[in-house]
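Dear colleague,

Please find below the structure that I am handing over to you.

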Amino acid sequence: MVLCGVSVASTVYQVGDSAGWTSMGGVDYQDWSADKNFHVGDVLVFNYNIQFHNVKQVTSQDFEACNATSPVATYTNGSDAINLERIGHVYFICGFPGHCQAGQRIEILVSPVTSSPSPAHWPSSSRSGASSDLYSDKLRWTLSVLALCLSGVCLLE
């Protein structure tokens with residue numbers, strides 16, 4: 001019998017730790033992320049007060065300019081769990097006026113998965129205008145594992 005021994009482990013990161021996602025409180029989000037290694041399958045959790053903040057995923061150009069007018073995705077739940085799905089840089093800012101300029105922005109470098117100790121449970125995100133649910137995440141994970149098995153990264157038992 002051939003069993004695929006590959007699984008994806010994820011780490012859940014609360015952005016800003018106990019301070020959360022805020023423009024008040026002196027959190028330097030680049031310092032916060034500097035000592036962390038983010039991988040595909042990891043989850044960023046943004047906790048914030050929805051009356052004063054949101055999360056906008058933006059392009060690198062919009063990140064540099066603190067431009068929230070054409071986001072890749074918008075999150076407004078107040079406790080948004082965002083799956084890191086692709087390698088490369090991912091950019092997030094707060095879309096409230098002046099917040100990005102005050103430092104409420106973060107650039108994350110996502111690396112490929114390097115180890116595989118256990119299956120991950122990916123919470124669904126609350127992305128506005130997009131349908132990303134638990135079923136899609138599980139299907140994506142299953143297809144990724146299947147692709148790895150078909151490429152020969154499986155264990156024979």
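A residue is called buried when its relative accessible area is under 20%, exposed when it is over 50%, and partly exposed in between, using a 1.4 Å probe and protein chains only. The model is predicted, so local features need pLDDT of at least 70 and side-chain atom pairs count only at pLDDT 80 or more, while totals for chains, interfaces and linings use all residues. Residues are numbered from 1 along each chain as its sequence is written, and side-chain values use heavy atoms, leaving out hydrogens and water.

A disulfide is a pair of cysteine sulfur atoms within 2.5 Å, and by this rule there is one disulfide. Cys66 and Cys100 form it, with their sulfur atoms 2.1 Å apart. The torsion about their S-S bond is about -70 degrees, so the disulfide is left-handed. Cys100 is buried at 3% relative accessible area, and Cys66 is buried at 17%. Cys94 is in no disulfide; the nearest cysteine sulfur, that of Cys100, is 8.5 Å away. Cys94 is also buried, at 2%.

Helices (H or I, at least four residues) and strands (E, at least two) are DSSP runs, numbered from the N terminus. Two strands pair if DSSP finds at least two bridges between them. Strand E9 (residues 105-111) pairs with E8 (residues 88-93) in the antiparallel sense over six bridges, and Tyr91 stands opposite Glu107 in E9. Strand E3 (residues 38-39) runs parallel to E9, joined by two bridges, and His39 stands opposite Ser111.

Yours sincerely
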